[in-house]
Amino acid sequence: MDILALTLDELGAFFTAEFGKGMFHASALYREIYKAGNRDILNIPEFAASPAFAEKLEKRLILAPGQVLSTFREKNLVKFITGLSDGLKIESVLIPMAGRNTLCVSSQAGCRMGCRFCETGRAGLKRNLSVSEIVGQVFNARFVLGEKIRNIVFMGMGEPFDNFDPVIAAIRIMTEQKGFDIALRHITVSTAGLVRGIDALGRLNMKGLRLAVSVNSADDATRSFLMPVNRAHSLQTLKTALQNFPLTRRGCFLFEYILIKGLNDSETDAIKLAEYIHPLPVRLNLIPLNAVAGFNYESPCDDDMQNFAESLAGQGVFVVKRWSKGRSVSAGCGQLGLEC
Ligand code: SAH
Ligand code: SF4
């Protein structure tokens, strides 16, 4: 039984079905694994009175977060590569912020969405990650790198909605109180705009979970050029899905917009974007393009980025300029996959 793929209730149900034990032991094991990174069942106090059970359990349990193969650092940002059981590699990035560390996790090895500006997309999809491979990235950040994690963003490799069920299962485990206890409102799922995923997430009504959408252009032709997914789900379809999405009263969507010189950074682009956003509640992150081989465009200069941001702000859009961190170690947005 793969412990990193189970909620506490699921572990309790497994204990009952297999061993006739219940939540007392399940809670103790869960606490040791998720709070201390310790799987030494024989030394957990709650198991002291039932050594035969502990020994049987020991043989049945798998704890397989994947092996951290290497780490790359830029200032205090850490990119780490995890080797999976079949030899594939994935990348995660730890972004420290004064006691509020954010972990950027991968949901797939590769990605099949094929966005032109994205390193991960260039290699195509190798395979989906399992629940424990997703949760394992948090486990390794916590117990191999030794960092507490407050925020999770699904902005690493892959399209989370192309691996929907495992991503949702992983989120349920990450938020488990007796486990990592990460607040749902501190988790962001970022999508290139897979409408069926947005609809399905809406139906789950996971109050507080944050939804980010990589928009990158409010013009269908430009967006389809950049992101093939737009050919199947046009901007209007995407907007309708967002309008039907059950946000909390004060909730908003996060829109990500990569600024690309001469492609989506004009005043007309800003006007179209503001029109598209209206009346959705949106916080827009403006991200300068990170260079990727084979995509012959550049990021705009600071002044152009400032002008674009001001134009949007002038049209009532809540906009935040993001300076991509981690470029020197290829840990910036869209640069994951080079080492894999
Ligand atoms: N597949 C999901 C999540 C992973 S991509 C998605 O597309 O949203 C995470 C973010 O990296 C996205 O917002 C994407 O737009 C951004 N990104 C990809 N390539 C980039 C690049 N070359 N420069 C800057 N950001 C990039
Ligand atoms: Fe996949 Fe996101 Fe990269 Fe597009 S931007 S190829 S959806 S990881």
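Which elements do the buried residues of helix 7 pack against? They pack against helix 6 (164-174), strand 8 (187-191), strand 9 (210-214) and helix 10 (235-243). Packing here rests on contact, meaning heavy atoms within 4.5 Å. Helices (H or I, at least four residues) and strands (E, at least two) are DSSP runs, numbered from the N terminus.

This is a predicted model, in which local features need pLDDT of at least 70 and side-chain atom pairs count only at pLDDT 80 or more, while totals for chains, interfaces and linings use all residues. Residues are numbered from 1 along each chain as its sequence is written, chains are lettered from A and ligands numbered from 1 in the order in which they are written, and side-chain values use heavy atoms, with hydrogens and water left out.

Helix 7 spans residues 195-204. Its buried residues are Val 195, Gly 197, Ile 198, Ala 200, Leu 201 and Gly 202. Buried means under 20% relative accessible area, exposed means over 50%, and partly exposed lies in between (1.4 Å probe, protein chains only). Asn 205 follows helix 7. The phi of Asn 205 is positive, near 50°.

Turn now to the start of the chain. Two packed helices are described by the angle between their axes and the distance between the axes. Helix 1 covers residues 8-19, and helix 2 covers residues 23-36. Their axes come within 8 Å and cross at roughly 130°. Axes are lines fitted to C-alpha atoms, for helices over the stretch in contact, and angles run from 0 to 180 degrees between N-to-C directions. Helix 1 and helix 2 are therefore oblique to each other. Angles under 35 degrees count as roughly parallel, over 145 as roughly antiparallel, 65 to 115 as roughly perpendicular and the rest as oblique. The crossing of the two is right-handed. A crossing is right-handed if the near helix is turned clockwise from the far one by less than a right angle, and left-handed if anticlockwise.

Which residues of helix 1 and helix 2 meet? Helix 1 brings Leu 8, Asp 9, Leu 11, Gly 12 and Phe 15. Helix 2 brings Met 23, His 25, Ala 26, Ser 27, Leu 29 and Tyr 30. By class, this contact has seven nonpolar, three polar and one charged residues. Ala, Val, Leu, Ile, Met, Phe, Trp, Tyr, Cys and Pro count as nonpolar, Asp, Glu, Lys and Arg as charged, and the others, Gly among them, as polar.

Helix 1 also crosses helix 3 (residues 51-60). Here the axes come within 12 Å, at roughly 115°. This crossing is right-handed. Phe 14, Phe 15, Glu 18 and Phe 19 in helix 1 meet Phe 53, Lys 56, Leu 57 and Arg 60 in helix 3. The contact divides into five nonpolar, no polar and three charged residues.

Ring pairs link Phe 14, Phe 15, Phe 19, Phe 47 and Phe 53 into a cluster. Rings of Phe, Tyr and Trp (its six-membered ring) pair if their centres lie within 6.5 Å; planes under 30 degrees apart count as stacked, over 60 as edge-to-face and the rest as tilted. The structure holds 14 aromatic pairs. One of them joins Phe 14 and Phe 15, with centres 6.1 Å apart and planes at 50°, so the pair is tilted. Phe 14 is buried, at 7% relative accessible area. Phe 15 is buried too, at 0%.
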